[in-house]
Amino acid sequence: MPHQAVALRLVSADPPSLEDQESDFRRFSINEDYVPTPLRPLKDRRKVEIQPRSSKDSLRGLRVLVTIIGYFLRARLNRWFRKDFEEANAKALRAIFEHFGGLWVKLGQLLSLRTDMFSAAMCRELSRLQFEAVGFPVKDAVASIEAELGGPLMRFFSRFDMEPFAAASIAQVHRAVLRETHEVVIVKVRRPGIKQAFEGDLKALQRMVRIIGWLRLGPHMRWGDAVWELEQMMREELDYRYEAANLDRMRKSLKAHGVHVPRPYFHLSTDAVIVMEYVPGVLMSEYIEVASHDPERAEAWCAANGIRPKKVAQRLFISALRQLLEDNLFHADLHPGNIMLLRNNRVALIDMGTIGTMEREFLELYLMSLRSLAQKDFSRAADYLLRLCPDLPTLKLTSLRRDLIRSYRNWEARTHLRNVPYHEKALSSAGSDSGKILYKYKVQPTWTFMRVSRTWATLDASMQFLIPNANYMKLFDRYFQNARYRALRGQGLRRSLEKSVSRMVEAVHEYDLLLRPLLRNETLSLTGSVSKLASMGAVILRGLVYAFGFGLIFAMFAHFKNQHDISLDGLSRESNEILDFMEGITYGESIVYVCAIIWILIICRKLLKLAEQPDYRS
């Protein structure tokens with residue numbers, strides 16, 4: 001008998017009631033003291049919409065390209081004929097990304113961070129791509145799981161819920177009970193055909209980027225780097241072996257934060273299926289939805305479970321800073337669908353498909369930039385931000401630095417205001433303001449920096465609801481005070497002295513990090529002069545290349561005329577005089593002259609190439 005039929009009969013015979021289903025899923029690995037009561041009854045929970053699996057589309061790449069071109073044409077018409085064109089264009093692009101799914105959902109999430117490039121309406125719509133997805137037929141899910149695990153479901157699970165628990169752009173989630181330990185687990189299975197669709201979509205996106213490169217549209221935006229970053233993110237998310245390893249690493253590091261992370265079951269996980277501990281918490285997205293429509297129920301639930309929203313917000317923010325600055329291992333997608341509320345202000349983080357790490361120099365610079373903001377040393381914060389940008393304008397660096405300092409001052413002033421919308425005083429707002437200034441000066445931060453920005457942007461969706469009057473300067477102060485305490489905790493006198501010496505070394509290193517941008521700023525005029533000289537040299541060399549090129553052609557023509565005794569009456573008098581002068585040159589001498597001109601021409605072209613390189617101009 002086929003495995004699939006056995007599995008279906010296993011769970012479909014005598015279907016239990018909703019109450020029995022809930023009681024079946026009550027054996028958890030997590031400490032029961034942290035398990036909250038349900039926020040709303042099981043019967044009121046929204047079911048995952050199921051859509052039939054679409055057949056293979058051989059023309060998908062062409063359809064994507066035609067759809068994108070059609071969108072840009074409609075967007076231009078909307079700009080001309082509709083007053084609400086920004087909203088209309090944003091919703092249309094979001095619908096396109098949701099329709100194609102997979103890679104395009106992730107692309108929309110990345111683009112939603114570019115508040116410097118796109119309107120607020122566009123960024124808001126694209127950020128909503130993270131919460132809504134449809135499921136696929138359970139028979140496809142069962143077939144994939146059994147094929148990956150190498151046996152029928154009943155061999156591994158004593159209970160498997162055929163109704164999807166949740167769905168995402170690249171996966172579907174089911175609840176189950178392990179046959180061996182009777183623990184409740186989550187089984188995440190990759191959407192069938194999504195990997196092949198990703199490869200095709202990636203090729204289509206790479207073609208679009210090449211077209212953008214040929215048209216020279218925003219060359220400073222480093223579109224190729226963005227595609228590479230997107231490709232790496234998708235390859236990691238499509239291979240669940242990465243997520244299993246990430247769960248294990250984050251579980252160990254976040255234990256010290258008081259943040260729970262599900263335990264992976266490596267022996268039941270493959271590249272297309274991952275089995276992990278089920279965390280019986282309440283999703284932040286569910287809490288926000290209920291609190292928005294029924295605040296009394298949400299408030300009563302918080303009181304019954306010992307939850308203070310402000311305390312939860314502080315825990316999330318401090319943990320995010322520790323992940324970034326101390327652990328160098330951070331959750332890069334902290335949207336409300338990946339945060340779970342537990343009792344007594346505890347939280348759990350799920351979906352570790354997108355985990356970030358930073359290079360040592362980048363991490364140190366980012367740490368110093370945040371510390372400078374916390375200390376209100378905006379000049380130094382601007383210097384560190386500029387160090388995070390690979391290419392800087394030579395002649396406008398002073399103006400760029402001045403505008404960055406002003407934006408930081410304005411942001412700090414807004415953090416103390418109470419009647420200001422949250423998004424205007426959030427940490428991501430400071431990044432958005434500085435990003436717009438960088439974009440104005442055609443300066444592009446690295447896409448690693450954008451991944452860090454994604455962490456704060458996605459966390460804002462929860463922070464603005466939990467603590468709408470957040471003062472980030474106070475939160476920064478609290479974090480850095482606790483960080484110093486953690487650094488010294490449990491140290492004796494000798495270790496404390498060693499730590500003091502280490503801080504002195506770090507201070508020297510800090511000044512070294514600042515030295516290069518300060519020297520760059522002080523030598524701005526000299527750099528500009530060198531840049532102008534290089535440009536003038538390039539013009540002169542280009543003229544010499546043309547001159548010697550024409551000279552070579554003329555010399556070869558004169559040699560040919562002399563050898564074949566050709567009379568040219570149509571030439572000017574000056575040209576004939578030069579040709580007559582060259583008649584006295586022997587055959588050997590003419591060969592030497594031609595070779596010399598070719599050699600000079602090659603040298604001039606090499607010098608011209610060096611002069612035109614960006615590293616020599618700035």
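Which residues in α14 meet which residues in α21? The close-ups below start there, and keep in mind that this is a predicted model.

**View 1. Helix α14 packs against helix α21.** Here α14 covers residues 309-327 and α21 covers residues 472-488. Their axes sit 10 Å apart, at an angle of about 55 degrees, and that makes α14 oblique to α21. The crossing of α14 past α21 is right-handed. On the α14 side, look for Lys311, Gln314, Phe317, Ile318, Leu321, Arg322, Leu325 and Glu326. They meet Tyr472, Leu475, Phe476, Arg478, Tyr479, Ala483 and Arg486 in α21. Sort the residues of this contact by type and you get nine nonpolar, five charged and one polar.

**View 2. Strand β6 pairs with strand β4.** The two strands, β4 (residues 184-190) and β6 (residues 273-277), run in the antiparallel sense, with five bridges between them. Five of the five residues of β6 are buried, so the strand is largely enclosed by the rest of the structure.

**View 3. Glutamate 236 in helix α10.** This residue belongs to the helix spanning residues 223-238. Is glutamate 236 buried or partly exposed? With a relative accessible area of 22%, glutamate 236 counts as partly exposed, because buried means under 20%. Setting aside neighbours within four places in sequence, glutamate 236 is in contact with Tyr242, Gly353 and Ile355. Glycine 353 lies 117 residues away along the chain, yet the C-alpha atoms of glutamate 236 and glycine 353 are separated by 6.6 Å.

Key. Residues are numbered from 1 along each chain as its sequence is written. This is a predicted model: local features need pLDDT of at least 70, side-chain atom pairs count only at pLDDT 80 or more; totals for chains, interfaces and linings use all residues. Side-chain values use heavy atoms; hydrogens and water are left out. Axes are lines fitted to C-alpha atoms, for helices over the stretch in contact, and angles run from 0 to 180 degrees between N-to-C directions. Helices (H or I, at least four residues) and strands (E, at least two) are DSSP runs, numbered from the N terminus. Angles under 35 degrees count as roughly parallel, over 145 as roughly antiparallel, 65 to 115 as roughly perpendicular and the rest as oblique. A crossing is left-handed if the near helix is turned anticlockwise from the far one by less than a right angle, and right-handed if clockwise. Contact means heavy atoms within 4.5 Å. Ala, Val, Leu, Ile, Met, Phe, Trp, Tyr, Cys and Pro count as nonpolar, Asp, Glu, Lys and Arg as charged, and the others, Gly among them, as polar. Buried means under 20% relative accessible area, exposed over 50%, partly exposed in between (1.4 Å probe, protein chains only). Two strands pair if DSSP finds at least two bridges between them.
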